[in-house]
Structure formats: C-alpha cells, structure tokens
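Have a look at it before reading on.

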Amino acid sequence: MAARVIDGKAVAAAVRERVKVDVAAYKEETGRTPGLATVLVGDDPASEIYVSNKRRTTEEVGMRSIHHGPEASIREEELLDLVRELGEDDDVDGILVQLPLPAHLDSDAVVQALNPEKDVDGLTPYNAGLLAHGTPGLVPCTPAGVMELLAHEGVELEGAEAVVVGRSKLVGVPVARLLLQANATVTICHSRTRDLDETCRRADVLIAAVGVPRLLGAEAVKPGAVVIDVGMNRLEDGLAGDVDYDAAAEVAAAITPVPGGVGPMTIAMLLSNTLQAARIRTTSG
Ligand code: NAP
C-alpha cells in the first residue's frame, strides 16, 4: 500500500489566499495595513532564507514587512530594547524574532520581552498559558499548521489515538494540546520514552517533531495511520524529516513529505496569526 501524499504546499497556498482576501477586507474596514516585524540577529544562511521568505509572503498577502537585522554581536540589553520598542510601535501588529539566537543571547529573556498581543509565534508564557487553559490566543505557527493539514485531510480526531514524538515548547507540547482540544487521546514521547516504536504503533495520528533524521521507520507506524513529519534536518544530500518516508509510506494511509509538508504551513500560519493579532489590537484598542 502506498500512502496518500499530504500536499503542504497546496494547503499553504490556500491558507495564504484566504489571508490575502481577509487582509483586503481588514484594510477596507479599518483603513490600516497590518505590519509584521521580523528580527534576524546575525547572518546565519538558513535563517536568512527563512526570514526573506517570511518577508516576501507577508507583502504578497498585502501586509507590511518591517525588518531589523542587528549584528550577531548585539548586546542582550540592546536586543531587549528593540523588541520592547516594536511592542509599542502602533504600525507593528506581529513580531517574529528568528530563532535560534547567537549563544550569548538568552532566547527565553527575549521571548519574554515580547508584547504578548504581538507574539505571532505564540511563544510567550502568556500565550502558552492561554493554550494550556484552552482559551483562544495566538497559537504557535507550526502546530497550527499541523492542525490545518489534519483538518484539510478530513482526519477524524475525536477519540483517535494521537502520539506526538517531541515535547518542545515550540512544537511538541503545543501540538499535543491542540490535539487534546480536538478530543484525541494524546501520548507525548521524548528522549526517555522506553519503547518508542511500540508507543508510536498505537497511533492513528503520528506527529514527529524530534530533530533526528529518519528516526521513525515502518515499525513505528500502525497500518492506516496518518503521519505528519515536522522534522527538518539538513543533511549533505538535502533535507530529511524525522520519519523514514519511503518505509513509512508503505504502511501509512497518508503522510507529509519533507520538504513540501509542514514547512510551507508554518509561514502560512504566521501570516494568519499576524492578521489575527491586528484584529485583536484593533478591537481592543
Ligand atoms: P527540540 O526543541 O530539539 O525538541 C526535540 C524533542 O525531541 C525533545 O522533546 C526531545 O526529547 C525529543 N527527542 C530527541 N531525540 C529523541 C529520540 N531519540 N527519541 C524520542 N524523542 C527524542 O526540537 P523542535 O524545535 O521541537 O523541532 C523538532 C524538529 O522539527 C526539528 O527537526 C526542527 O528542525 C523541526 N521544525 C520544523 C519546523 C517547520 O516549519 N517544519 C518548525 C519548527 C521545528 P527531550 O525533551 O527528552 O530532550
């Protein structure tokens, strides 16, 4: 059996189109243009590509991109000042600080300096708290993208066994919370999980967010499962996911490729979150 390929590029294009229409309506209603500020510290080549894609798509959907690119040597206090200034700037609705930061900067401190209303990556303790509480707020982009893919594929989550491999603040924990909110029965695995393959094989929906190339093979996949591979591991021969795609695709019913699965969804959801942040600020302000 060859699994259905979940086309993240197509779903992301549909989300961007929806955001574009909604941005036009927002401009019409309010007379203002939503703005996304990106902050890229230093000149890491992979981060530069991510940020330039984010800026380009921001403008493609009709929003304003505001960019700051301080040198890698910036002092933490200066970066915190910049993040706080953007938090108070009325033209800025969303702030994205590209991670990881250079080692001398404390990313937790930088995230905590973000204005939670503009935290379009959903990383501040405030937004993480809202998610934990089940109250609507700004949800991290990659987990939101995973849920959008599952919805697009018509995956029934109510009562389903969902297994998430990875417990990061950025992906694993928030995606597990969203699955729980959708009434799945959720198990979270991590580096100390005793029998990873056996636990994963319970899953009707398997989410891999680990950062270990091709960790999960056919033995980790229940026949007929839906597999979402968040992993993006740069190898000499290109990008690899956390799932051994060829092996898993023999067993699964549907699977995301890497690249072309979750990756494009992350940017699409960032745009959607920026518009949501603009709307919240316009209504509350
Ligand atoms: P992370 O912060 O490094 O977290 C990795 C998680 O995987 C940790 O919870 C860790 O467990 C667990 N883990 C590590 N080795 C394991 C093993 N052998 N068995 C079971 N669990 C293991 O990574 P992340 O930020 O969540 O990212 C995960 C992956 O997603 C990476 O490949 C990253 O590049 C990718 N990513 C992709 C996108 C996208 O847009 N597609 C966005 C974000 C991240 P412990 O907690 O026990 O250490």
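What follows covers the overall build, the sheet, the nonpolar core and one glycine.

First things first: this is a predicted model. The protein chain carries 10 helices and 11 strands. Some whole-chain numbers are handy to have in one place:

| Property of the protein chain | Value |
|---|---|
| Radius of gyration | 19 Å |
| Box filled by C-alpha atoms, along the principal axes | roughly 50 × 45 × 35 Å |
| Accessible surface | about 13300 Å² |
| Share of that surface from carbon and sulfur atoms | 50% |
| Share of residues that are buried | 49% of 285 residues |

How does the radius of gyration fit with a compact globule? For 285 residues such a globule would come out near 19 Å, so the chain's 19 Å agrees. As for contacts with a separation of 6 or more, 70% of them link residues 24 or more positions apart.

Now the sheet. Six strands form an open sheet with parallel pairing, in the order β1-β11-β8-β7-β5-β6. For β1, pairing with β11 (residues 254-255) is parallel and runs over two bridges. In that pairing, V5 has I255 of β11 as its bridge partner. Helix α7 (residues 172-181) packs on the sheet and touches β5 (161-165), β6 and β7 (205-208). The direction of α7 makes about 170° with that of β5.

In soluble globular proteins, nonpolar side chains tend to be buried together. Here, the largest nonpolar core has 47 residues, and V146, L150, L179, I207 and I228 touch the most other members. Elements giving two or more residues to this core include the helices α1 (8-30), α6 (141-152) and α7, along with the strands β5, β7 and β8 (226-229). Helix α10 (262-284) is also one of these elements, and its nine residues are the largest share.

Last stop: G211, in the loop between β7 and β8. Is G211 buried, exposed or in between? The relative accessible area of G211 is 47%, so this residue counts as partly exposed. Setting aside neighbours within four places in sequence, G211 is in contact with N233 and D242. M232 lies 21 residues from G211 in sequence, and their C-alpha atoms are 6.8 Å apart.

Technical notes: Residues are numbered from 1 along each chain as its sequence is written. This is a predicted model: local features need pLDDT of at least 70, side-chain atom pairs count only at pLDDT 80 or more; totals for chains, interfaces and linings use all residues. Side-chain values use heavy atoms; hydrogens and water are left out. Two strands pair if DSSP finds at least two bridges between them. Helices (H or I, at least four residues) and strands (E, at least two) are DSSP runs, numbered from the N terminus. Contact means heavy atoms within 4.5 Å. Axes are lines fitted to C-alpha atoms, for helices over the stretch in contact, and angles run from 0 to 180 degrees between N-to-C directions. The radius of gyration is taken over C-alpha atoms; the globule rule is 2.2 Å times the number of residues to the power 0.38. Buried means under 20% relative accessible area, exposed over 50%, partly exposed in between (1.4 Å probe, protein chains only). Accessible areas come from the Shrake-Rupley method with a 1.4 Å probe; for residues, only the protein chains shown count as cover. A nonpolar core is a set of buried Ala, Val, Leu, Ile, Met, Phe, Trp, Tyr and Cys residues joined through side-chain atoms within 4.5 Å.
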